[in-house]
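Good morning, everyone. Please have a look at the structure on the screen, and then I'll walk you through it.

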Amino acid sequence: MTGVDLHTHSTASDGRLPPARVVEHAAAGGVRLVALTDHDTTAGLEEARSEAARLGLAFVPGIELSAEWRGRSIHVLGLLIDPAAPALVRGVRNLAVERERRAVEIARRLDRAGVPGGDALERTRGWSDLPTRTHFARALCELGAVRSMAEAFDRYLARGRPAEVRSRWPAMAEALAWVVAAGGTAVLAHPLRYPLSGGQRRELAREFREAGGRAIEVACGGGSAAQVEQAASLALRTGLAGSVGSDFHDPDVPWNQPGRLAKLPASIRPVWNDTGFPAVPARAA
Ligand code: MN
Ligand code: MN
Ligand code: MN
């Protein structure tokens, strides 16, 4: 338990709690330095920031950008970003257009596959401005078209299934450039979650660093000790700092609760020691 969590989601993207409740939930979990990193949006940052100030937590404004590397979808965390920076605002606007295009196409394909895609899309509108596959899965559950979120993915939404819609995300270097232009620190999210060989993973990390990336997530929500070690060795080999983040979405999912994270190994430089990050407040007496 480090008291640091630099990867969380709110209802501004596909999380279950509004931004202020995410911060409150993190505080209850012992977190003292928290970042809100919604997918492709900065809409929740102001609310989260003021709640953090109210509760005495140090706050890092963030975002989790969808990007592409060698035809694969990867996630770039931007920490300490200025949400008003023009390059980032433009990028985020383009991503919103792309997500909307994708959502309409997913709905159309679900309908064609015999499940209520249009109704599901309508339902997601009440939850978020940025519909994700997670939202579709939840909506299909609620509509009784599937029994579980997992079934929604397995039968319809996952790769190779009838409602799969390949996204056109920006190239990794482009997403990194937006983060840097917004004064932010770029972190490669959950590096072990991409289907890559060890060699490809090292190339990804190396290219990430060459394009201006600072760190990789070493301790992720639900990660085992062996995975922490593997990600740590990747950080060491490629000269990147380390970050920790639960990827919190939902208070009912036990394995990625805020703050429930392995410590960074002593050999890894914590990214939050970089200039510009707020100090971790002392534990409340
Ligand atoms: Mn998500
Ligand atoms: Mn992610
Ligand atoms: Mn995430």
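Some ground rules. This is a predicted model, in which local features need pLDDT of at least 70, side-chain atom pairs count only at pLDDT 80 or more, and totals for chains, interfaces and linings use all residues. Residues are numbered from 1 along each chain as its sequence is written, chains are lettered from A and ligands numbered from 1 in the order in which they are written, and side-chain values use heavy atoms, with hydrogens and water left out.

Metals, then. A donor here is an N, O or S atom within 2.8 Å of the metal (3.2 Å for Na, K and Ca); water is not among the atoms, so sites may look incomplete.

Which residues coordinate the manganese ion (ligand 1)? Asp-14 (OD), His-39 (NE2) and His-249 (NE2) do, at 2.1 to 2.2 Å. Their spacing in sequence is D-x24-H-x209-H. Asp-14 sits in the loop between strand E1 (4–5) and helix H1 (19–28), while His-249 sits in the segment after strand E7 (241–245). That pair links parts of the chain 235 residues apart. A word on names: helices (H or I, at least four residues) and strands (E, at least two) are DSSP runs, numbered from the N terminus.

Are these two buried or exposed? Buried means under 20% relative accessible area, exposed over 50%, and partly exposed in between (1.4 Å probe, protein chains only). Asp-14 has 4% relative accessibility, so Asp-14 counts as buried. His-249 is at 17%, so His-249 is buried too.

Next, the manganese ion (ligand 2). Its protein donors are Glu-64 (OE), His-75 (ND1) and His-190 (NE2), at 2.1 to 2.2 Å. Along the chain they read E-x10-H-x114-H. Glu-64 lies in strand E3 (residues 58–69) and His-190 in the loop between strand E5 (185–188) and helix H8 (198–210), so this pair ties together parts 126 residues apart in sequence. Glu-64 is buried, at 1% relative accessibility. His-190 is buried as well, at 5%. Ligands 1 and 2, both manganese ions, are 5.9 Å apart.

Now the manganese ion (ligand 3). His-7 (NE2), His-9 (NE2), Glu-64 (OE) and Asp-247 (OD) coordinate it at 2.1 to 2.2 Å. The spacing is H-x1-H-x54-E-x182-D. His-9, in the loop between E1 and H1, and Glu-64, in strand E3, are 55 residues apart. Both are buried. This ion and the manganese ion (ligand 1) are 4.7 Å apart.

On to the helices. H3 (residues 86–112) and H4 (residues 117–125) pack at about 145 degrees, with axes 7 Å apart. Axes are lines fitted to C-alpha atoms, for helices over the stretch in contact, and angles run from 0 to 180 degrees between N-to-C directions. The contact (heavy atoms within 4.5 Å) includes Ala-103, Val-104 and Ala-107 of H3 and Gly-117 and Leu-121 of H4.

Last, the largest pocket. A pocket is an open set of points on a 1 Å grid over the protein atoms alone, where a 1.4 Å probe fits, with protein on both sides within 12 Å along at least five of seven lines; lining residues have an atom within 4 Å of a point. How many residues line the largest pocket? There are 42, and Ser-73, His-75, Arg-133, Phe-153 and Arg-193 lie nearest its centre. Elements giving two or more residues to the lining include E3, strand E4 (72–79) and H3.
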